[in-house]
Amino acid sequence: MTTQQLIKKLEQEFDINAIFAQHVLLYTKGKFDPKKTQELIDEKAKPFVKWVGGKRQLLKQFRKLGLYPPEGFDASKNTYFEPFVGGGAVFFDLLPQKAMLSDMNKELVTTYNVIKNNVEELIQSLKKHKHNKEYFLKIRAQKVQNLSEVEIASRFIFLNRTCFNGMYRVNSSGEFNVPFGDNKNPLICDEENLRKVSLALKKVSIKHQDYKAVLQKAKKGDFIYFDPPYYPVSKTASFTGYTKDAFLDKEQIELRDTFFELHKRGCFVMLSNSDTPFINKIYSELKDKKITINIVEAGRAINSKGTGRGKITEVLVTNY
Ligand SMILES: C[S@@+](CC[C@H](N)C(=O)[O-])C[C@H]1O[C@@H](n2cnc3c(N)ncnc32)[C@H](O)[C@@H]1O
């Protein structure tokens, strides 16, 4: 069997993506080894925060459409970029050898770097947290500028696990303001997964920067996945709050232009957004046959009084 055939077999039998299948083959010395493959799947790191807009449920669909990962992307030579990394569902799915992650949420980026460089101290700190509303409010009120990096990461994970629905929202001064959640028994310190994440991040760069910085580093053959704050589906449905800066019409058009710039450079570019007339319009203005707007079902049904009809759709724009 050729390597390509083996990768296909692994993808089908284990429901994994082609890049992770290549990673498996490195460990199985190029042989089909079901036991070792299952071990590697079980050992895989998972996102360490719950993040609104997490892409986990959608990845299978992207794969079935043949759009993910891009066939021509060679993960042994080129780099994967995720400039709106959030919880990093796509990064953790792919686990590529070379990756550059970034986000404008400074505390999130600090948390990634503490997990990468100082995971044992973080685990010790997480174990000290308590789970009650009074304690939650005390931790939430802490001023981040007075904390060490380990304390910032510990507070960040604690609030994410114990706040309402794992949301992240800040007020106009950038202070976290999500209320106490109703999960009776949240797993605040998942030490096993944190150690796996730490290993997965060892060779990865994680920076606090605007997504446009990707233009300084990305080269022909690299793969960039953009998962920006979505354009609101309706005026009332607008969810902002990941950072204190809005991400509306002007920002979406600038992002579209960044997408096109990377396309002209010969990168593989994939972008998610809401399926709205505005988003469809701005990407259809890119008159290049390679750029396609694919409609995918978001997997969460619209809350339409139990009729069971109507799934929310999203777009996946690709240039390959
Ligand atoms: C839709 S979420 C990404 C979700 C992620 N794919 C996941 O699986 O969890 C959007 C992210 O973009 C970040 N963000 C907002 N504006 C940004 C900017 N200008 N540059 C980089 N990141 C930004 C937010 O902090 C947030 O983490």
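What radius of gyration does the chain have, and what would a compact globule with 320 residues have? The chain has 20 Å, which agrees with the value near 20 Å for such a globule. The radius is taken over C-alpha atoms, and the globule rule is 2.2 Å times the number of residues to the power 0.38.

This is a predicted model: local features need pLDDT of at least 70, side-chain atom pairs count only at pLDDT 80 or more, and totals for chains, interfaces and linings use all residues. Residues are numbered from 1 along each chain as its sequence is written.

**Whole chain.** Show the C-alpha atoms. They fill a box of roughly 60 × 50 × 45 Å along the principal axes. Colour by secondary structure to find 12 helices and 7 strands. These are DSSP runs numbered from the N terminus: helices are H or I with at least four residues, strands E with at least two.

**Stop 1: Leu-10.** Select helix α1 (residues 3-14), where Leu-10 sits. Leu-10 counts as buried because it has 23 C-beta neighbours inside 10 Å. Buried takes 20 or more other C-beta atoms within 10 Å of the residue's own, exposed 12 or fewer, and partly exposed lies in between; C-beta atoms are placed from the backbone. Of the 320 residues, 34% count as buried. Leaving out residues up to four places away in sequence, Leu-10 touches Ile-16, Ala-21, Val-24 and Thr-37. Contact is C-beta atoms within 7 Å.

**Stop 2: the ligand.** Select the 20 residues around the ligand; Trp-51, Gly-53, Gly-86, Gly-87 and Ala-89 come nearest. A residue is near if its C-beta atom lies within 6 Å. The shell divides into 10 nonpolar, 6 polar and 4 charged residues. Nonpolar covers Ala, Val, Leu, Ile, Met, Phe, Trp, Tyr, Cys and Pro; charged covers Asp, Glu, Lys and Arg; the others, Gly among them, are polar.

**Stop 3: α6 and α9.** Select residues 106-127 and 191-201. The axes of these helices come within 8 Å and cross at roughly 145°. Axes are lines fitted to C-alpha atoms over the stretch in contact, with angles from 0 to 180 degrees between N-to-C directions. Contact residues include Tyr-112 and Ile-115 of α6 and Leu-194 and Val-197 of α9. The contact divides into 8 nonpolar, 1 polar and 3 charged residues.

**Stop 4: α11 and α12.** Select residues 249-265 and 277-284. Here the axes come within 10 Å and cross at roughly 35°. Gln-252, Ile-253 and Arg-256 of α11 meet Ile-279, Ile-282 and Tyr-283 of α12.

Technical notes:
Two residues are in contact if their C-beta atoms, placed from the backbone, lie within 7 Å.
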